[in-house]
Amino acid sequence: MKTPQTTTSASGLRGEYGKVGADYTAAQEWDAYTPAMHDRWRRLYQAQAELTRRHGCRAFGEGLARLDCAQAIPRFSDANRVLEPATGWRLVAVPGFIPDAVFFEHLAHRRFPVTRWLREEHELDYLVEPDVFHDFFGHVPMLLDPAIADFLQAYGTAGARAMELGALDMLARLYWYTIEFGLVREDGALKVFGAGILSSAGETRFSVTDPDVLRLPFDPLRIMRTGYRIDAFQETYFVLDSLPELVERLVALDLTPFYARWRHTPPIAPGACLPGETTFDNLGETA
């Protein structure tokens, strides 16, 4: 198979696609990781765990501790023995980006695709593509939270409808601003639950401490109209009152008329505050 093109990637990205199945899964091949790779993982883990103890949400810290993966690149089979009894999720190894329809199918059946290769030494601070550290360290601990577990399955189920209606870009923004770059309030402070932030040292600090970045209350319809950055820190973040809000606010939504109204409209620019909007810093709390 060729490297797939998706809404967020183009062919030419790394990953060995020659031996994958029809669902783009493959063996993790854990024994192929070298001692240098495991050492790189340990250093990445140590540095990021220190930051996430301060800025990560409670569910992330609890999930990371349960997975016990500080010393080496984790075996996905070991993680599955923790995940499946807890929330019914299991990990499947993939070579890198996979087609959107395949991704949705996995999520709808509580299978989370995890990239199996690890970034190179010169990529420790910044990586365009998701690798095993981003996917596992950033995403997998949150799969142990019931609200995130339920949201991801619902998101996967919604994917086919969004593709049918030509509104995939809109649905992708919901994933981007929550699962990848979401913030939540805990004990009067901003905390991170998005994997794109949790696996990035620079953005972990920036997202919750920068005084000038735009932070807005969680609003799924506003999110689906908002563009995002793939090459720099985000200019807008959306803040949940709690993780269960992620599911509660979406249950009653009928997205079909919303897609029909807005899918051909240019997205709101990242960092743009619309007239009448209340920013997080004006809600009586500070970052």
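R81 is exposed, with a relative accessible area of 58%. For that word, the cut-offs are: buried is under 20% relative accessible area, exposed is over 50%, and partly exposed is in between, with a 1.4 Å probe and protein chains only. By salt bridge I mean a side-chain nitrogen of Lys or Arg within 4 Å of a carboxyl oxygen of Asp or Glu. Side chains of opposite charge can pair when their charged atoms come close.

Quick word on where this comes from. This is a predicted model, where local features need pLDDT of at least 70, side-chain atom pairs count only at pLDDT 80 or more, and totals for chains, interfaces and linings use all residues. Residues are numbered from 1 along each chain as its sequence is written, and side-chain values use heavy atoms, with hydrogens and water left out.

Okay, back to our pair. D78 and R81 both sit in helix 3, residues 76–87, three residues apart, about one turn of the helix. Helices here are DSSP runs of H or I with at least four residues, strands are runs of E with at least two, and both are numbered from the N terminus.

Now, how many salt bridges are there in the whole structure? A search finds 18. Another one joins D39 and R43, at 3.0 Å from N to O. Those residues are both in helix 1, four residues apart, again about one turn of the helix. D39 is partly exposed at 30%, and R43 is partly exposed at 34%. They also belong to a network of salt bridges that links D39, R40, R42, R43 and E121.

Then look at R14 and E123, whose closest N and O atoms are 2.6 Å apart in a salt bridge. This pair links distant parts of the chain, 109 residues apart: R14 is in the segment before helix 1 (35–55), and E123 is in the loop between strand 2 (111–115) and helix 5 (132–139). R14 is partly exposed at 29%, whereas E123 is buried at 10%.

Last topic, cysteines. A disulfide is a covalent bond between the sulfur atoms of two cysteines. The rule used here is a pair of cysteine sulfur atoms within 2.5 Å, and the count comes to zero. Take C57: the nearest cysteine sulfur, that of C69, is 15 Å away. C57 is buried, at 2%, while C273 is partly exposed, at 41%.
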